[in-house]
Structure formats: C-alpha cells, structure tokens
Amino acid sequence: MSADSPTVVPGLGPLRPPPAGLPGADVAPPVVAESGDPFTSLKVIALLARVERGRPIRIADVVERLNATYLDWMFAPSVVADVAVALQANWMTDYRNSSGIVVEDGPYGSTIEIEDSSRVDPWIVRQADREAASCRERLDAFSRLDRATGDG
C-alpha cells in the first residue's frame, strides 16, 4: 500500500450530483391486491365511503374504479368482495342488523349496498382508521428489520 492511496473510513460521505440522463430510481413494482391485506382494505374502504348510498353498486364497477385510480395496483373482484363481506360482518357485529351493508348476487353480478343514514359515515371512517393503523403497524415493523428476510 503506497502512501498516496486513500484510507478507507466508515460512511459514504457526500454524494456527487447524478450523471446527466440518469433515470429516477423511484419506480415501484405493481402490487396485486390481496384479501386480508390492510393496504388493500384501506383503498377499497376509502372508495366505498364515497359511493352513492341506498342503491346496489356492482362490485365489478368498484373494481374498475380502483384499477383506474391506482394504476400500479391490480384489484380482482374476489378481493373487493372479501372486503365488502368483512364490512358487512363488522356492521352486523356493531349494529346487530343486516340492513346497513348488504352484499348479494344480482342480475349483473355481485353488488354492495350501503344504507343511506347518518350513522354510516362515522362508522366507515372508524373502519378505515382501523385499517390505516394496521398499515402503519406493518410499516413500523418493516422499518425495524435489519434484513429484508426478517432476520433482525
């Protein structure tokens, strides 16, 4: 080793400006929505919170809107139906009736109907809050990992 060679020190130090024409590295892979995933559920609930109340809405129409809104995600009808059924079950648990969230098969496919009452908005916000909290918990747990394999 010659006296002219630089010594190795920990840390990167300051970064140079990017070379001209270097593409951005913020490209994200597509996400396939999955049942039971809070990130999926939150997106579906956020849309269902805004649909017209008091009339059946086709699950297929919800899927189309989700896929058009989140271009880097792919939502399947079965996944959206799973979220709708979970909402229906939560409604029945909270209010002891089945009229608030109705999921059923119709002549044009599966539908969801959300009752048009003042109790729906605060309730659906609580459902979304719960999913958002679960998303934050997953992100927090991921940020504490030392390795992508979870060994840390």
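Trainee: Hi! Anything to know about the model before we start?
Mentor: This is a predicted model, so local features need pLDDT of at least 70, side-chain atom pairs count only at pLDDT 80 or more, and totals for chains, interfaces and linings use all residues. Residues are numbered from 1 along each chain as its sequence is written, and side-chain values use heavy atoms, with hydrogens and water left out.

Trainee: Got it. How many helices and strands does the chain have?
Mentor: There are four helices and five strands. Helices (H or I, at least four residues) and strands (E, at least two) are DSSP runs, numbered from the N terminus.

Trainee: And what pattern do they follow along the sequence?
Mentor: Reading along the sequence, you get β-α-β-α-β-α-β-β-α.

Trainee: What radius of gyration does the chain have?
Mentor: The chain has 23 Å, while a compact globule of 152 residues would be near 15 Å. That radius is taken over C-alpha atoms, and the globule rule is 2.2 Å times the number of residues to the power 0.38. The C-alpha atoms fill a box of roughly 80 × 35 × 25 Å along the principal axes.

Trainee: How much of the chain counts as buried?
Mentor: Of the 152 residues, 27% do. Buried means under 20% relative accessible area, exposed over 50%, and partly exposed in between (1.4 Å probe, protein chains only).

Trainee: Let's look at a helix. Is H1 mostly covered or uncovered?
Mentor: Helix H1 (residues 38-48) is mostly covered, with eight of its 11 residues buried. Among them are Pro 38, Thr 40, Val 44 and Leu 48.

Trainee: What do the buried residues of H1 pack against?
Mentor: They pack against helix H2 (59-69), strand E3 (73-74), helix H3 (77-95), strand E5 (109-114) and helix H4 (120-143). Contact here means heavy atoms within 4.5 Å.

Trainee: Which residues touch the most other members of the largest nonpolar core?
Mentor: Phe 75, Val 80 and Ile 112 do, in a core of 26 residues. H1, H2, H3, E5 and H4 each give two or more residues to this core, and H3 gives the most, with six. A nonpolar core is a set of buried Ala, Val, Leu, Ile, Met, Phe, Trp, Tyr and Cys residues joined through side-chain atoms within 4.5 Å.

Trainee: Nice. What does Phe 75 touch?
Mentor: Leaving out residues up to four places away in sequence, Phe 75 touches several residues, including Ala 33, Thr 40, Val 44, Leu 66, Tyr 70 and Val 80.

Trainee: You said H3 matters to that list of elements. Where does Gln 88 lie?
Mentor: Gln 88 lies in helix H3.

Trainee: Why does Gln 88 count as buried?
Mentor: Because its relative accessibility is 17%. Beyond its neighbours within four places in sequence, Gln 88 is in contact with Ile 101, Val 102 and Val 103.

Trainee: New topic! What is phi of Arg 96?
Mentor: Phi of Arg 96 is near 60°, a positive value in a residue other than glycine. Most residues other than glycine have a negative phi.

Trainee: Where is the place of Arg 96, then?
Mentor: Arg 96 is in the loop between H3 and strand E4 (101-106). Arg 96 is exposed, with a relative accessible area of 68%.

Trainee: Last one: is Asp 61 buried or partly exposed?
Mentor: Asp 61, which lies in helix H2, counts as partly exposed at 33% relative accessibility.
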